[in-house]
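Subject: The structure you asked for

Hi,

Here is the model, sequence included.

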Amino acid sequence: LRDNRIELVRASWHELSISVSDVSLSDEGQYTCSLFTMPVKTSKAFLTVLGVPEKPQITGFTSPVMEGERMQLTCKTSGSKPAADIRWFKNDKEVKDVKYSKEEDANRKTFTVSSTLDFLADRSDDGAVVSCRVDHESLNSTPQIAMQVLEIHYTPLVKIISSNSWPEEGQSIILTCESKGKPVPEPVLWTKDGGELPDPERMVVNGRVLSISFLNKTDNGTYRCEAKNPIGRNSTEYVLIVHDVFNTLLPTTVIPSLTTATVTTNVALTASTTTSATATSIRDPNALAGQTGPDHALIGGIVAVVVFVTLCSIILLGRYLARHKGTYLTNEAKGAEDAPDADTAIINAEGSQVNAEEKKEYFI
C-alpha cells in the first residue's frame, strides 16, 4: 500500500497493524495480509465503506400560501450508500401518503434520494411544523432533520358569544364577536335586520363587543357580525328574543274531593250529596307548599251561575207577559160578501160579534 493516509501502527514478528485516515469510498475493497514463510501464508478481508447522506433540504415552499391551494414539498439528500430512508412528519405526527424516489450518483456508488409531500393547504396547518427526517445506518441512530414552518392565509372565522342565554325586558346583554383570520381581520361591523343599529344610545359598539341596555320587545331581531381581511370576508348571525319578565305563580286553593269544578270560558259545577261528615282534601300539585285559602275562582263561578239564572228568568217572564196579555175572538165573520153596506154585512155575518161570547186563552 502506497498512500500517505495509510500509516504503520505496529510491526513485530507476530503482528502488523495499519491505520487509514480520511476514509473515502475509494478505500472500499479487499485487503490482504501476507506472512512470508515457506510456503507464504495470507489472510484476506473486505472493507465496506458507507456513504453518509448529506443534510436534507426542503424545497417547494412559498410563503404565504392561500387556504385551498395545493402544496408540494420535496425533501432531498445525496451521497448515501446504501440509499437512505426519508420520512415526513407534521407536528410530530408521521405522514404516510408520500412519494419516494432514488437515483444513482455519477460515481455509481452512492445514491440521491428524494420524497414529495403533496396536500391542500388548510387553516389548521397555519403554524404547523413540517419536518423531513433522513435515517441511515451511518448516522449511528442520530437522524438528520430539515424543518419548515407553514404560513397559511385564510378568511376570517366568525362566532358570536352571548352573555345572557335568557334575556328579559329591562335587562342588559353583551354580544361578543370572535373573529380569527390571517392576516388579522379588521374591526367588525355590527348590523340589525340588514340595517344599521336603530338605537345608538342603548346599543353601544366597543371594538368587537355590542352592548344593549334596558332590553325591550323592539330589540327582537337578527344581529349580524361581519369581519374581513385582504383574503375575504365572513359573517355570522345571532337571533335575539327578549322574553317577558318572569311572574311567580299565585297559590292554588284546596278543592273538596266531592266537588268537581272545570273552568274554561264557562264555569260548570257538579255537586253530590253525602252523609259523611268527613271531607278529604285534594291539593293542586302546582300549588305552593304551606299556602291555603278560600277558592276565589269557585266562589266567583257560583255567583256567576246564580246571576245568569236570575237574568234568564226575568227575560222569560217579560216575554210571557208581553205576548199573552188581553183577549181575542175565536171566529171571524162569515157571509158578508154580498152585503150592500158594512152595517148589513155585520148584522148578517155568521158568528156576529154582537152577541158573541168573549173567550180568553192563556199560554201555560
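Let's begin with the pockets. The largest pocket has a volume of about 330 Å³. A pocket here is an open set of points on a 1 Å grid over the protein atoms alone, where a 1.4 Å probe fits, with protein on both sides within 12 Å along at least five of seven lines; lining residues have an atom within 4 Å of a point. Grid points are joined across faces, edges and corners, and the volume is the space filled by probe spheres set on those points.

Before going on, two notes on the source. This is a predicted model, in which local features need pLDDT of at least 70 and side-chain atom pairs count only at pLDDT 80 or more, while totals for chains, interfaces and linings use all residues. Residues are numbered from 1 along each chain as its sequence is written, and side-chain values use heavy atoms, with hydrogens and water left out.

Back to the largest pocket: its lining is made up of L1, I6, L16, I18, Y31, T32, C33, S34 and F36. Strand 3 (29–35) and strand 2 (16–20) each give at least two of the lining residues, and strand 3 has the largest share, with four. Strands (E, at least two residues) and helices (H or I, at least four) are DSSP runs numbered from the N terminus. By type, the lining has seven nonpolar residues, two polar and no charged.

Of its 13 lining residues, S12, W13, L16, S34 and L35 lie nearest the centre. Strand 3 and strand 4 (41–47) are the elements giving two or more residues to that lining. This time the count is six nonpolar, five polar and two charged.

Is D125 buried or exposed? D125 sits in the loop between strand 11 (111–120) and strand 12 (129–135), and it counts as buried because its relative accessibility is 8%. The cut-offs are under 20% relative accessible area for buried and over 50% for exposed, with partly exposed in between (1.4 Å probe, protein chains only). Leaving out residues up to four places away in sequence, D125 touches K90, F119, L120, L150 and I152, where a contact is heavy atoms within 4.5 Å.

Q171 lies in the loop between strand 14 (152–162) and strand 15 (173–182) and is partly exposed, at 30% relative accessible area. Apart from neighbours within four places in sequence, Q171 contacts N164, W166, I212, S213, F214 and L215. Q171 and V245 are 74 residues apart in sequence, yet 9.5 Å apart C-alpha to C-alpha.

E196 is in the loop between strand 16 (189–192) and strand 17 (203–206), and counts as exposed at 73%. From E196 to Y223 is 9.9 Å, C-alpha to C-alpha.

Finally, the whole chain. Its secondary structure comes to two helices and 24 strands, and 22% of its 364 residues count as buried. An unreviewed UniProt entry lists residues 297–317 as "transmembrane region"; UniProt positions are given in the numbering used here, feature names are shortened, and annotations may be inferred rather than shown by experiment. In the model, residues 297–317 are 100% helix and 0% strand, with the end C-alpha atoms 31 Å apart.

Cheers

How values were computed:
Ala, Val, Leu, Ile, Met, Phe, Trp, Tyr, Cys and Pro count as nonpolar, Asp, Glu, Lys and Arg as charged, and the others, Gly among them, as polar.
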